[in-house]
Amino acid sequence: MPRHYITPNLPPLCWGYQAITLFPLGIFYRSEEVRDDQTTGKHELIHWEQQKEMLCLLFYLWYLVEYLIKLIRFMNHQKAYRGIGFEQEAKKYERDPDYLSTRKPFHWIRLVLR
Ligand SMILES: [Zn+2]
């Protein structure tokens, strides 16, 4: 299980975001309220599993490449970001309390190909 940190000053790459998962370090939240939010917590735990199965560095590489491909396709940051397979999986299942115990590895790949 990841460690959870409250860091009001998240790195510059995270402007606008309330939390970031950095495997194997832990999950960083802007505030205690964000940390205690079940949906955000579940969303970040899904990213934790994705990063673990992608050996961390491959996660960031894939994330960036897919973001750039979708940015070119949509010409819109929000659409590109939301279109990333990792984000689609986390968003789709962040409210499902049983998802992490039933999740199949690399499930996000199915969402990339849509
Ligand atoms: Zn996310």
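This is a predicted model: local features need pLDDT of at least 70, side-chain atom pairs count only at pLDDT 80 or more; totals for chains, interfaces and linings use all residues.

Residues are numbered from 1 along each chain as its sequence is written.

**The hairpin**

Select strand 2 (residues 19-22) and strand 3 (residues 26-29); helices (H or I, at least four residues) and strands (E, at least two) are DSSP runs, numbered from the N terminus. Strand 2 and strand 3 form a hairpin with three residues between them. The two strands run antiparallel and are joined by four bridges; strands pair if DSSP finds at least two bridges between them. Next, display Ile 20, which stands opposite Phe 28 in strand 3. In a regular strand the side chains alternate between the two faces of the sheet. In strand 2, Ala 19 and Thr 21 form the covered face, and Ile 20 and Leu 22 the uncovered one.

**The cores**

Now select Ala 19, Phe 23, Ile 27, Phe 28, Tyr 29 and Trp 48, the six residues of the largest nonpolar core. Such a core is a set of buried Ala, Val, Leu, Ile, Met, Phe, Trp, Tyr and Cys residues joined through C-beta atoms within 7 Å. A residue is buried if 20 or more other C-beta atoms lie within 10 Å of its own, exposed if 12 or fewer, and partly exposed in between, with C-beta atoms placed from the backbone. Strand 3 supplies the largest share of this core, three residues. A second, separate core of five residues includes Ile 46, Ile 84, Ala 90 and Trp 108.

**Helix 2 and helix 5**

Select helix 2 (residues 38-53) and helix 5 (residues 85-93), which pack at an angle of about 140° with their axes 8 Å apart. Axes are lines fitted to C-alpha atoms, for helices over the stretch in contact, and angles run from 0 to 180 degrees between N-to-C directions. In helix 5, the buried residues are Gly 85, Phe 86, Glu 87, Glu 89 and Ala 90.

**A last selection**

Finally, select Leu 64, in helix 3 (residues 57-74). Is Leu 64 buried or exposed? Leu 64 has 11 other C-beta atoms within 10 Å and is therefore exposed. A C-alpha to C-alpha distance from Leu 64 to Asp 98 gives 29 Å, across 34 residues in sequence.
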